[in-house]
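Biologist: I would like to go through some of the labels put on this model. For each one, tell me what it rests on.

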Amino acid sequence: MKDNTVPLTLVSILADGEFHSGEQLGERLGMSRAAINKHIQTLRDWGIDVFTVTGKGYSLAAPVQLLDEKIIMSQLDQGRLAVIPVIDSTNQYLLDRMPTLQPGDACVAEYQQAGRGRRGRQWFSPFGSNLYLSMYWCLEQGPVAAMGLSLVIGIVTAEVLRALGANDVRVKWPNDLYLNDRKLAGILVELTGKTGDSAHIVIGTGINLAMRMPDTDVVNQGWINLEEAGVAIDRNKLAATLVNKTRESLQLFEREGLASFIDRWSALDNFIDRPVKLLIGDREILGIARGIDQQGGLILEQDGVRKSWVGGEISLRPQN
């Protein structure tokens, strides 16, 4: 794996948002200005907006608060967490280490080189702009017991964000968070285990905090970040609070299933009682969203008749 020590050191220096000359950076890191410039290109490859001004040097577009493992760990109630600045995928990191993990083990990253969303989609993951967090959990009852798990994670994440100042965050069935009718965060649940065996689960969450210019080839729907909505949240506090609340909620889910979360979902549902279209493969179904059932299925009303939909290639969009 590529040694990222120098570019990560550069980020930590530039994180203050001030200008730093190539000469100063070179002296500090013991290398030529040309070498510094090469590492600056790595930062740009990571999605960091670095300005270069002749006579002044290098500066980030805005100050960046970096993830700090010590700060996050000091706020955790219990359990293990790894902070890995540059990673292929936080979910894959845990999947690769599953035999050594304990329920509640988590990792966060500054940048994902191969972040992924649902159905094999790429998850755009620029450095330091968002939060990428994954957690491992085990359900002894098996894979069937995991039904509705993405809804639980959506509820917990929305409640945490609202408690930290993002008062208008809402949930979208089955695994997104919305703000002002645009996508703020996504959840990816990856599960291994056969019927009759324990379900080993990795839950990934990506939240847009200050992302500015996403790759339109990857991000092809309406999106929003908290910064645009005028909400500033401490990234380290957010990571620690999310880990604490997710662990707590997964224990409740393990004991009681989805029943304890139905009302909490209804209070946060962005599409409740609104006209929607449901996409299943090439099929398009129009109706009114009426919340979720006890299994986490979407209740859709058509001509006064309510029917529950679950699983398959489903996405939900507001009706045009």
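Biologist: Why is Asp181 called partly exposed?

Modeller: Buried means under 20% relative accessible area, exposed means over 50%, and partly exposed is in between, with a 1.4 Å probe and protein chains only. Asp181 has 37% relative accessibility, so Asp181 counts as partly exposed. Keep in mind that this is a predicted model, in which local features need pLDDT of at least 70, side-chain atom pairs count only at pLDDT 80 or more, and totals for chains, interfaces and linings use all residues. Residues are numbered from 1 along each chain as its sequence is written, and side-chain values use heavy atoms, with hydrogens and water left out.

Biologist: What makes Arg274 and Asp181 a salt bridge?

Modeller: The term requires a side-chain nitrogen of Lys or Arg within 4 Å of a carboxyl oxygen of Asp or Glu. In Arg274 and Asp181 the closest N and O atoms are 2.9 Å apart. The pair links distant parts of the chain, 93 residues apart: Arg274 is in the loop between helix 8 (262-268) and strand 10 (275-280), and Asp181 is in the loop between strand 7 and strand 8. Helices (H or I, at least four residues) and strands (E, at least two) are DSSP runs, numbered from the N terminus. Arg274 counts as partly exposed because its relative accessibility is 28%.

Biologist: Is Glu301 buried or exposed?

Modeller: Glu301 has a relative accessible area of 17%, so Glu301 is buried. Its side chain meets that of Arg290 in a salt bridge of 2.9 Å, N to O. Arg290, at 23%, is partly exposed. Asp273, Arg290, Glu301 and Arg306 are linked in a network of salt bridges.

Biologist: Why does Arg247 have no salt bridge?

Modeller: Lys and Arg count as positive and Asp and Glu as negative, while His and the chain ends are not counted. Arg247 is buried, and the nearest side chain of opposite charge, Asp105, is 5.1 Å away. The side chain of Arg247 does reach the backbone oxygen of Arg80 at 2.9 Å.

Biologist: How many disulfides does the structure hold?

Modeller: The structure holds 0 disulfides, a disulfide being a pair of cysteine sulfur atoms within 2.5 Å. Cys107 is buried at 0% relative accessible area, and Cys138 is buried at 9%.

Biologist: Which peptide bond is cis, with omega near 0°?

Modeller: The bond from Trp173 to Pro174 is cis. Most peptide bonds are trans.

Technical notes
Polar contact = N/O pair within 3.5 Å; in protein donor to acceptor, adjacent residues only side chain to side chain.
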